[in-house]
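Open the structure in your viewer and keep the selection tool ready. This short tour goes from one stop to the next.

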Amino acid sequence: MNQEQQIVLTGFMGVGKSTVARHLAFILKCEKVDLDSVIEETERRTLAEILDSDGEARFRQIETENLRKILCSSKARIIALGGGAWTIKENRELIKQQQFITVWLESSFEHCWLNIVNSKRTRPLAKNKRLTRKLFDEREKVYCLADWHFIVKPDLTSYEIAKKIAEEVFLIKIN
Ligand code: S3P
């Protein structure tokens, strides 16, 4: 694996993409970008405000515009996607075109749900457990199109997951 390879992290809400991206950037000593944060900065609104006032379809357009910008112009080697970004075909094509590789962080629904309910962030697309589980089940078959797949077991810390990615994807030996 080319040590300069750029990657995107995908996976369901609450799996820990942003935290793993932060640790991985620290380990690899490189820049990382969080797509959701970029959207909030450029729109000057929270994701919840965008989703609640403009609806999901408009949110997805904004998401794709920002993803395209980051993929084409950012120097970041690691991009943490929002949970729905990889489910959009246009986004997957953009990611491939720009030769990023994709790492899917997979966990059980219960693990993600626990993180969602314990999080300070409002997630309009995860308002109740039943509908969120449905979304989780529907998305599994799209997430598995990613190039790499790491299972996030509840006993692993985000740092340990980042370390595994650094070792297995980037072939970096960490003591
Ligand atoms: C979404 C996930 C969120 C955010 C938005 C939509 C989704 O990101 O992009 O609320 O469709 O799964 P996280 O996965 O970081 O929560």
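**Stop one: the ligand**

Select K17: one of its polar side-chain atoms lies 2.7 Å from an oxygen atom of the ligand. Remember as you look that this is a predicted model.

Now pick G83. Here a polar backbone atom is 2.8 Å from an oxygen atom of the ligand. On its own, the ligand has 380 Å² of accessible area, and the protein covers 98% of that.

Next, show the residues around the ligand. Which of the 14 come nearest? They are K17, D36, R60, R123 and R139.

**Stop two: strand β4**

Move to strand β4, residues 101–106. Are its residues buried or exposed? Six of the six are buried, so β4 is largely enclosed by the rest of the structure. Colour one side: I101, V103 and L105. Then colour the other: T102, W104 and E106. Both faces are covered.

**Stop three: the partners of β4**

Select strand β1, residues 7–10. β1 and β4 pair in the parallel sense over four bridges. Click I7 to find one of them: its bridge partner in β4 is I101.

Then select strand β5, residues 148–151. β5 also pairs with β4 in the parallel sense, over four bridges. Finish at E106, whose bridge partner in β5 is I151.

How values were computed: Residues numbered from 1 in each chain as written. Predicted model: local features only at pLDDT ≥ 70, side-chain atom pairs only at ≥ 80, totals over all residues. Heavy atoms only, no water. Buried < 20%, exposed > 50% of the residue type's maximum accessible area, 1.4 Å probe, protein only. Helix = DSSP H or I, 4+ residues; strand = E, 2+ residues; numbered from the N terminus. Pairing = 2+ DSSP bridges. Near = heavy atom within 4 Å. Polar contact = N/O pair within 3.5 Å; in protein donor to acceptor, adjacent residues only side chain to side chain. Areas by Shrake-Rupley, 256 points an atom, 1.4 Å probe, with all protein chains shown as cover.
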